[in-house]
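Trainee: I would like to learn how to read a structure like this one. Please take me through it feature by feature.
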Amino acid sequence: MKKLFFVLTIIATIPMLAQQNLERSMVNVTGEGVVKVEPDEVLIKSRIEHEGSSAAEVKKQNDEVVNKVIKYLKSQNIDEKDIKTEYINLNKRYDYNDKSYSYVANQAISIRLADLKDYEKIMKGLLENGLNRIDGIQFKSSEMEKYEKEARKIAVLDAQNRARELAQPLGQDIGKAVSISEMDYNSFQPVYRMDAAVEMSAAKGSEQTIAPGELEIKIKVNVGFELK
C-alpha cells in the first residue's frame, strides 16, 4: 500500500521595507547657480522670405538670395559648419481682405560668428546681399559646457546652504542628499525685424549697434536632504 504525503506550504506576507520603517524626514529646496561671462561668439538666426503670385517665381527669388548670402559668408571666411539651414518652406497664403491667394517662400539660416568683432561687417554684408529678416541674435560663449558645470556646482552648494538655513532655527541639521534633479531653464532671446535693422544701419552708418555685455548662465536644481 502506497503512503501519501501532503506538504503544507505556508505563505507569509512580508511587509515592504518602506512600511517597516518610519518615513524618512526630509527637507526639499531649490538651489540656483549663476555664472556671468563675457560672450565671445554670436549666433544670428536669419530668414530669407519672398511673397508673390507665382510659386515658381517666389522660390526662384528666394533661392537666388540664399545663394548670394551663402557665397558672401564663405567669402568672409565663415566656415561651412557655421552656416546651417534650419528649414525651407513654400506655402500658399489666403488674403481675406481681397480674397486672393499668394505664395510665400522662406528659408531659415543660422550663422555662427566665432569673433564678435565681425558682427557689424557681416550684418551689413547680409543686408546688401538681400537678407530680409533676422529672427534672433544670441550671444554665446565657446566654453558654455565649462561654465554650465560651474553654475551647476554653485547651484547644488546653494541648495545645501538653503537647507541648513531652514533646519537650524528648529534646532536640526541636514544629512546626506537623497534626491537631486535639475530644472529646465529657458532664456528669452530678442527678436529683430530687418526693416528696423536697415533703418538703424542707415542712421548710424558704421557706428556700433550691439552691446553684448555679460552672458548670464543660470542653473537651478531641486535637492532633497535628510533632516536630522
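Trainee: In which loop does lysine 99 lie?

Mentor: Start with the terms. Helices (H or I, at least four residues) and strands (E, at least two) are DSSP runs, numbered from the N terminus. Lysine 99 lies in the loop between E3 and E4. This is a predicted model: local features need pLDDT of at least 70, side-chain atom pairs count only at pLDDT 80 or more, and totals for chains, interfaces and linings use all residues. Residues are numbered from 1 along each chain as its sequence is written, and side-chain values use heavy atoms, with hydrogens and water left out.

Trainee: What is the phi of lysine 99?

Mentor: The general idea comes before the case. Most residues other than glycine have a negative phi, and most peptide bonds are trans. Lysine 99 is not a glycine, yet its phi is positive, about 55 degrees. The hairpin of E3 and E4 has four residues between the strands.

Trainee: Is lysine 99 buried or exposed?

Mentor: Buried means under 20% relative accessible area, exposed over 50%, and partly exposed in between (1.4 Å probe, protein chains only). Lysine 99 has a relative accessible area of 63%, so it counts as exposed. Asparagine 77 also has a positive phi, near 65 degrees. That residue sits in the loop between H2 and strand E3 (83-95). Asparagine 77 is exposed because its relative accessibility is 70%.

Trainee: How do I read confidence?

Mentor: The protein chain has a mean pLDDT of 82, and 77% of its residues reach 70 or more. Two stretches need care. Over residues 1-22, pLDDT stays under 50, and the model has one contact beyond four places in sequence for them. Here contact means heavy atoms within 4.5 Å. Residues 186-206 also stay under 50, with 22 contacts beyond four places in sequence. Where pLDDT is low, the predicted coordinates should not be read in detail.

Trainee: How many helices and strands does the protein chain have?

Mentor: Five helices and seven strands. From the N terminus on, the order is α-β-β-α-β-β-α-β-α-β-α-β. Contacts tell you how the chain folds back. Of those with a separation of 6 or more, 84% join residues 24 or more positions apart.

Trainee: In what order do the strands of the open sheet run?

Mentor: Look at pairing: two strands pair if DSSP finds at least two bridges between them. Four strands form the open sheet, in the order E3-E4-E2-E5, with antiparallel pairing. E3 and E5 are the edge strands, each pairing on one side only. On average, neighbouring strands are turned by 15 degrees against each other, direction ignored.

Trainee: Over how many bridges do E2 and E4 pair?

Mentor: Eleven, in the antiparallel sense. Arginine 47 stands opposite alanine 108 in E4, and glutamate 51 has valine 104 in E4 as its bridge partner. E3 and E4 pair over twelve bridges, again antiparallel. There, lysine 92 stands opposite tyrosine 103 in E4. E4 is mostly covered, with ten of its 14 residues buried.

Trainee: Where does H2 lie?

Mentor: For angles, axes are lines fitted to C-alpha atoms, for helices over the stretch in contact, and angles run from 0 to 180 degrees between N-to-C directions. H2 lies across E2, E3 and E4, and runs at about 155 degrees to E2.

Trainee: Which residues have the most contacts inside the largest nonpolar core?

Mentor: A nonpolar core is a set of buried Ala, Val, Leu, Ile, Met, Phe, Trp, Tyr and Cys residues joined through side-chain atoms within 4.5 Å. The largest has 22 residues, and Ile44, Leu73, Leu113 and Leu126 have the most contacts inside it. Two or more residues each come from strand E2 (41-52), helix H2 (55-75), strand E4 (100-113), helix H3 (119-128) and strand E5 (133-140). H2 gives the largest share, five residues. Beyond its neighbours within four places in sequence, leucine 113 touches residues including Val42, Ile44, Ile78 and Ile122. A second, separate core of 17 residues includes Ala151, Ala163, Ile217 and Phe225.

Trainee: Is serine 141 buried or exposed?

Mentor: Serine 141 counts as buried because its relative accessibility is 6%. This serine lies in the loop between E5 and helix H4 (144-167). Leaving aside neighbours within four places in sequence, serine 141 is in contact with Val37, Asp40, Glu41, Tyr147 and Leu215.

Note on methods:
pLDDT is the predictor's confidence in each residue, from 0 to 100.
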